[in-house]
Amino acid sequence: MDIFDLLKGKPEDSDYMKKGVIVQGITGAYGSIHAKSMITDGTNIVAGVTPGKGGQKFEGVVPIYNTMQEAVNATNAKISIIFVPAKFFLSAAKEALEAGIKLLVAIPEHVPIRDTMITLELAEQKGAIVIGPNTPGIMIPELIKIGIMPVTPFKAGKIAVLSKSGTLLYEISDALTTAGFGQLITIGIGGDPVNGTRLIDAFEMIKDIPDLEGLVIVGEIGGDSEEILAQKIIDTGFNKPTVAYIAGRSAPKEKKMGHAGAIVMGTYGSAESKISMFNKANIPVAKRPTEVPVLLAGKM
Amino acid sequence: MRLLEFQAKELFREYGINLLDSKSSINIEEGRKHAKELGYPFVIKIQVPVGGRGKAGGIQMCQNDDEFELKYPQVMDLVIKGEKARAILLEKMADIKKELYLSLFLNRSKRCYTIIASSNGGVEIESVKNQIIKEVGLGNVTEEIAREVAKEMGLEGKTQDGFVDILKKLSKLTVEKEAELAEINPLAIMQDDSIIALDGKFVTDDNSNFRHEELQKYQEISEIEERAEKSGFSLVELDGNIAVVGNGAGLVMSTLDMLSDNGGKPACFLDVGGGATTESVYEALTLISKISKVKGILVNLYGGIVKTTVVAEAFLKAYENNLIDLPVFARLKGTESKKAKEMLQGSRTKIYDSVEEAINAAVMGIKN
């Protein structure tokens, strides 16, 4: 499934450039704040789901349904964003995928790994993309935002930004925007050990887009997804300007640094391992966020 | 959470994995009682949540009362990679023929459990030779797969059966407790060809704690970490003297890195979560005020929609209530930053336009 087809649609579609999005957990404290913010920022929120609140309207406008199936039947939306508490994530995700959702953005933090893996197994069967969990979301700046990010740091452009961290995504996009590098798409991978869309999957989604003029990878300690991506970049001969940043160089071993996935075990997951693989792929690694646009300009 | 060896072994025992007799104690009086019950010789093993304890002298053989009286306190007083002893395990000596390696871990990139086994165990995993690696899905390891691994390791007869049995039991334990890692190293072949787990490492998924009340007794959390967790913060205590606070794990890690690059020494990592309110920042300052080694606070908040005046209020309140009397070096990205600077004029909190400036000022201002 092409991510841009999902996010933008095709010119012949009646909802081209205004794809409908369903918000699961729209009446919750967190869900309602971000549903409002997404609407303000121009995303076409077509329905919300909160069991027991079907028939009501969110902000007097957006219809609320009891189940995902009803919401999908009524709107034909293919995109959903989940805001429910972590322990209810699995049932919400199953409901969405069973109802035919093709792009699922999973915001909750602290989802058990087992629940994520069961969700991903089902998503694979259904041919759906999962972003997250523990992600800030995905956006095409100035077109569609499915997530919790502020829009001020972002500007439409031609650089793809793939990030494990939320606030670093904002920080680095801000620095890129200030330096004149707008963003074609930004994808939050999430800070969990297991990600629905891994760095390498996100790379596959964007690598062949003709408009793409550069790639920024924002990684952090833990796991080996940066190493795998670097190897992929070597293997595919991807030659657009690419810059990386890795957070957590100074973190102690065997300690979880905020994100469930950010932990170094032995040498597995260490910053040195990631940096050396990027170096091997001829990708410069910035020492601090503000250095990213400088290095990118150097590659242009 | 990461279980200590004796805790992992409690679970192993519950699942029928063969072990030597052992007893854990937290003081020498209790230890003396255990020494009598077990009988010499035995091994004294420090219980710390880090590896490398053998090299650090944390595992000592003990033949008699005199040695016990000498070595028990020595081992108890060790600090290994900054970790003090949580307990001491006394374990009977084993007559070993050969040491194997066995682990099951949650493979992040393959999204399934993976077995690593080797007939050359007893060393750190990085040095384990002839590793057999097998991806096994999300469920229990089957008899067929377990036997396949045993055969590949060159095990035969009774040892093959013993290994298959242990691997199946370890897999059941791993799946049921939602572990990220279950490791037995060494897994020993005894003189009589039986197989015994000599060590145990077990790491569970913290996010599944709510489904595992039976594991709560193993949760080790300091008072300050517990309070941080209640507020939805992540806190990791470190060795230095500058507390580092920010919103978002990536941003705080990044700030730690830049501080270290500039010669500063972080006292803690404190992530207050995505947003920042007067309450959350005040609570963060409250936590930091309880860490005595802190000489200054470096704050890095990035919020497109965060009002910096709201954060400034928290600092003013903290000084007013004598919660802190420390210099604060803050970079607050957000709205109304000019007004926030005015509010903090004359206080010990200085606001900087970039995180680099804040870090430089912190390093210059706090010399050990």
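How many of the 13 residues of α6(A) are buried? Twelve of them are, which leaves the helix mostly covered; buried denotes 20 or more other C-beta atoms, placed from the backbone, within 10 Å of the residue's own. This is a predicted model, in which local features need pLDDT of at least 70 and side-chain atom pairs count only at pLDDT 80 or more, while totals for chains, interfaces and linings use all residues. Residues are numbered from 1 along each chain as its sequence is written, and chains are lettered from A and ligands numbered from 1 in the order in which they are written.

**Helix α6 of chain A**
- Helices (DSSP runs of H or I, at least four residues) and strands (runs of E, at least two) are numbered from the N terminus.
- The buried residues of α6(A) include G166(A), Y170(A), E171(A) and D174(A).
- Just after α6(A), G180(A) has a positive phi of about 95 degrees.

**Sheet of chain A**
- An open sheet of mixed pairing is formed by seven strands in the order β9-β8-β11-β10-β12-β13-β14 (chain A); strands pair if DSSP finds at least two bridges between them.
- β9 (144-147) and β14 (285-286) of chain A stand at the edges with a single partner strand each, so one side of each lacks a neighbour in the sheet.
- Strands β10 (residues 156-163) and β11 (residues 183-188) of chain A pair in the parallel sense over six bridges, and S163(A) has G188(A) as its bridge partner in β11(A).

**Contact between chains A and B**
- The contact takes 47 residues from chain A and 36 residues from chain B, where contact requires C-beta atoms, placed from the backbone, within 7 Å.
- On the side of chain A that touches chain B, α6(A) gives the most, with five residues.

Methods
Contact = placed C-beta atoms within 7 Å.
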